[in-house]
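Open your viewer and keep the selection tool ready. This tour makes two stops.

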Amino acid sequence: MTTTAAEPASGGPHAARKEKIGLVSVLAFAVGAMIGGGVFTLSGTAINRAGPAALLSYAIAGVIMLLSALSSVAIATRAKEGQSGFAPVADLLGRPWRFLVMWGFYLNALLAVAFLADSFGAYLHSYFLHDLSATAAGVVCIVLLVALNLGPAVWVGRAESWIVGIKVALLLVFVGWGLAALSGSHFKPFAAHGTTEVLSTSALLFTAYTGFNVVTNILPSVRDPVKTVPRAIIGAVLISMAMYVLVVVAMLDSGVTHFGLAGVSQAASALMGHWGGQLIAFAACLSTLSGANAMLLGGSEIALRLVAVEDVPAFVGKTTKGGFPWMSVGLIGVVALMLVLFTSIISVIVLGNITALAAMLTVNMAAVVLARRGFPGTGFRIPGGPLLPILAGIACVTQFFSYSLADLLAAAAAMGLGFALYAMRDVRRNLYTEVALFSLRESLRNMETPLGRALRHPLHHPFPRHRPRPDRSN
């Protein structure tokens, strides 16, 4: 008889003293992970494929993701403190299903690192360093981020709220110029390539919305999770959806008929002049770099939690003497590097979308079971009971038909690799492994991981609002 490994429970003297994560930090991190390549690279591709109906493609992908996000929220808010937000899936469906969810989102994060590095390289090559190829720039991006995350300098994660503010502000400047040139003729014919292309394009755009999932692992450690978790996840999806739609409108108003990978800067150059293209290219480089870092942090966090619940072998959780997870970060870096060097950006996006869809389908299945149990506890309750999770699950299933058999088989192979690791989880257990697992669980519970430190200790404003007054009592 086998027993299910329990996730670390809350408790302990140190856990109570740890500072909780606030709404702004979590929301900024989730929005930062989403508003990256999804807008700066995929928007041009979406318009090329669907024409003005790319607006509808983004909306369809966003609505499906929002429905699935409700299921994620309902499950995450029932996780015990210190656990992954996906921990309740094991209680609702069984341990292998929890692994499927976490492995699917881990693969999605890994593939997103490669996609965002490719996007970073495209903008850097096109607008700033013409002598450095886009591929070479993508490689530099990955090497830089891996080096950053192997040491104590998690400044990119800590500065995420600043970076999100800067790139959203610059995109809104671009949107303003686009709206000033608004003309109905730019949206005709609306679905020039047919409704089939609209739906297939929406299937390509899921990766634009999956960023919030890497944060779900630590959402039970935020302040007042029953209120903060729904606001953070749902707010991040809605903000990102609105930004994507506005950017596509501005790009259509630019008059550009075909977009490359640096499509937003192409449109900005047409609307605003050369300086506008440079400005948006800067925002794109900053955004894709920070987005790749967010996904690297989040993917590494998922890997550590898979180790902590003994769903993968303990060697995946190896850390440096300073406590930094060199193995999980290194694995993501190496695989992302191979993807940048030897695969196309569209192939990476498609594979990431399929693995995320498999994970979200499972989350929706778990939410249906949770709804049938009456949403026990104090967590988020989905309006309408099991209806919305069922609709979200059906929507996920329909999207699989938009991919080729080869793409589906490649994704199945990637998921199969994960289950091979899952089958090895109990191999070579010894006292050293037990000590390492105990130390890792303590680190996760106390948020002493790169992602936990980045979110718990964001960079402070350089000009504090409240300066301490000098003590003149003496």
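**Stop one: the cavities**

The structure holds four cavities of 30 Å³ or more. This is a predicted model, where local features need pLDDT of at least 70, side-chain atom pairs count only at pLDDT 80 or more, and totals for chains, interfaces and linings use all residues. Residues are numbered from 1 along each chain as its sequence is written, and side-chain values use heavy atoms, without hydrogens and water.

A cavity is a set of points on a 1 Å grid over the protein atoms alone where a 1.4 Å probe fits but cannot get out. The largest cavity has about 70 Å³ of space, the volume being the space filled by probe spheres set on the points.

Select its lining (residues with an atom within 4 Å of a point): Ala33, Met34, Gly36, Gly37, Gly38, Ala112, Phe115, Leu116, Thr207, Ala208, Thr210 and Met295. Helices H2 (23-34), H3 (37-40) and H7 (95-127) each give two or more residues. Helices here are DSSP runs (H or I, at least four residues), numbered from the N terminus. H7 gives the largest share, three residues. The lining has seven nonpolar, five polar and no charged residues; Gly counts as polar, Ala, Met, Phe and Leu as nonpolar.

**Stop two: a helix crossing**

Now select H8 (residues 134-149) and H14 (residues 274-308). Their axes, lines fitted to C-alpha atoms over the stretch in contact, come within 10 Å and cross at roughly 50°.

Show the contact (heavy atoms within 4.5 Å). H8 brings Cys141, Leu144, Leu145, Val146, Leu148 and Asn149. H14 brings Leu289, Ala292, Asn293, Leu296 and Leu297. Nine are nonpolar, two polar and none charged.

Technical notes: Axes fitted to C-alpha atoms, helices over the stretch in contact; angles between N-to-C directions. 1 Å grid on protein atoms, 1.4 Å probe; cavity = no way out; pocket = protein on both sides within 12 Å on 5 of 7 lines; lining within 4 Å.
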